[in-house]
Structure formats: C-alpha cells, structure tokens
Amino acid sequence: MGLESNIKLVFADMEGTLFYPVVKMTHGIAPSSWTLMAQDLGEDALTMEENMKKRWKEGGFKNAKGEQSYLEFMRESVQMHQMLGLKKEVFEKAINVPYHPGVKETYEFFKGAGIKTALISGGFKAQADRAQQDLKIDYALAGCQYFWKEDGTVDHFNLNDSDYLGKVKYVRGIMKEEGVDPNQCVFIGDGPNDAMIGKEVGISISFNGCKPLEEACNYNIRQKEGKENFIEVLKVFGGDVYRDTMKTYKSRLE
Ligand SMILES: [Mg+2]
C-alpha cells in the first residue's frame, strides 16, 4: 500500500468491519447482531437461526419474482423475534458491541480531510445510528429498523433492500450524488456479501475479511485475532497519514 490518492468518499460495512465481530461466521454467512440476539433468546432461537442460514445458502428465500431475497430472510427473522418475544433490552445489548480499535481515530482523519463517509449494512438501523452519531458518518443504509411497544416488545418494523444488488445500487446513488467517480472511492468490508461492492470502487480493502472478499479486493489486511487495528486501512492514503493517526491513537492509550 501507500499510493498517493485523490479519495473523496469512503464506504464501509458495519458489523465485523467497524464493529468487532463478536460471533463467528457459520454457513458462509457473516456474523451479525441477528445471531447475537438468537443467542440471547435461547437454544430454540439459535437452532431456528442456523436453519435459516442453511436455507439462505440453498436459495430458500424467494421474493414475488422467485429470486433469492434478503428482504424475505429478514422478514422471517423479524417474525421469529416477534414469536419468541424479543425485548428491547436484549436487542440493545446485542447492538452495543465494541468498535475495532482505531475506528474513531480513522474517522476523525476522514472528517478532518473533508472525505465523505457512508456506512452500508444488512443489519439494524439502531446500530447504524449509533455508528453514524459516534463517527459523524455522512450517509447510512441499514437493513432493518424496529419500532417498539411500551412493554418493550416489537410493535412494527421497516426493511431496506440491503443485500448484494441493494448495496450496489446504494453505492452508485451516493457516488452520483457526490459527483465522484469510482476511482475516488474506497470500500472497506469483511464479509462475503461485500465482494460486489468492492468491485464498484477503485480501492477495495478486505479488513480481516473472508476468502471470497480477499479475492475480490485490491488490498487485504490480515491482523492477528485480538491485535486488530482499523487504522491500517489508512495506508492507502499514504504512510504519513497512517503514522500520524497511529500516533494519535497511541497517545490516547497513555
Ligand atoms: Mg461485515
């Protein structure tokens, strides 16, 4: 890495990229807060969730046109949450996972350098809201939003098209809105469903990502478990940017 660049816009995945992946990948599907919630809801929920992931891999969720649909996958997940009586406090615990070290300092650099940022996730809007506020992210797309009853159970929900093509459409829309071309854009992700977005931009970075994503990206960052630091993505902005931001990060540890 270390290329001089004219980067104007940075897209990033949320879970496992900005946030630490607290659960492991199963059935080739990226770990997420959906799984964390299932863990909290008990054995039955976990079994149902695992079965749904298997069904997803087999193409078992179809929309009205008979195409594989992430919206349908989310819709059934929401129904499962409603059936099992998911409570707001369990939900909030699941989305309140830690950031990767260095995320805060990296986004401070983006803001200071006038680089726009966008977050793209098939996860929950409440978690994206948290990241957007903490990191002052300009744009965000998230898959699912819950509306709560007074007793803390799910009242209603909203779903956004946020898998593969939905994410790609969103990325193209923001690039158009910002008047930038793909070579002025970076994408950072970790999951298999990030590979398509990686191909939309000039600089794609797999951040401790899975094999299929590594194969689709220009840059692969691999760090030891427990030694992850997000600041390494700044190496594409030049060695001095990386070193300065690392210095800020380390000075805050003291
Ligand atoms: Mg991810």
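Trainee: Which residue is the bridge partner of Asp-13 in β2?

Mentor: In β2, Asp-13 has Ile-120 as its bridge partner. Before going on, note that this is a predicted model, where local features need pLDDT of at least 70, side-chain atom pairs count only at pLDDT 80 or more, and totals for chains, interfaces and linings use all residues. Residues are numbered from 1 along each chain as its sequence is written.

Trainee: How do β1 and β2 pair, parallel or antiparallel?

Mentor: Strand β1 (residues 9-13) and β2 pair in the parallel sense over five bridges. Strands are DSSP runs of E with at least two residues, helices are runs of H or I with at least four, and both are numbered from the N terminus. Two strands pair if DSSP finds at least two bridges between them. Phe-11 stands opposite Ala-118 in β2.

Trainee: And what joins β2 to β3?

Mentor: Three bridges join β2 to strand β3 (residues 139-141), and the two run parallel. Ile-120 is opposite Leu-141 in β3.

Trainee: What is the strand order in the open sheet?

Mentor: The order is β3-β2-β1-β6-β7-β8, six strands with parallel pairing. β3 and β8 (219-221) are the edge strands, each pairing on one side only. From one strand to the next, the twist averages 15 degrees; angles run from 0 to 180 degrees between N-to-C directions, and axes are lines fitted to C-alpha atoms, for helices over the stretch in contact.

Trainee: How many residues of β2 are buried?

Mentor: Four of the five residues in β2 (residues 116-120) are buried. A residue is buried if 20 or more other C-beta atoms lie within 10 Å of its own, exposed if 12 or fewer, and partly exposed in between, with C-beta atoms placed from the backbone.

Trainee: Which helix lies across β2?

Mentor: Helix α7 (residues 164-178) lies across β1, β2, β3 and β6 (185-189), and runs at about 165 degrees to β2.

Trainee: New topic. What sense of pairing do β4 and β5 have?

Mentor: β4 (residues 144-148) and β5 (residues 154-159) are antiparallel, over five bridges. Tyr-146 has Phe-157 as its bridge partner in β5. The two strands form a hairpin with five residues between them, and Gly-152 in the turn has a positive phi of about 90 degrees.

Trainee: Which residue has a positive phi of about 55 degrees although it is not a glycine?

Mentor: That is Lys-136, found in the loop between α6 and β3. Lys-136 counts as exposed because 12 other C-beta atoms lie within 10 Å. Asn-208 is not a glycine and has a positive phi of about 45 degrees. Asn-208 sits in the loop between β7 and α9 (211-216).

Trainee: Is Asn-208 buried or exposed?

Mentor: Asn-208 counts as buried, because it has 21 C-beta neighbours inside 10 Å.

Trainee: What about Lys-199, where does it lie?

Mentor: Lys-199 is in the loop between α8 (195-198) and β7 (203-207). Lys-199 is exposed, because 12 other C-beta atoms are within 10 Å. The C-alpha atoms of Lys-199 and Asn-218 are separated by 9.3 Å, with the two residues 19 apart along the chain.

Conventions: Contact = placed C-beta atoms within 7 Å.
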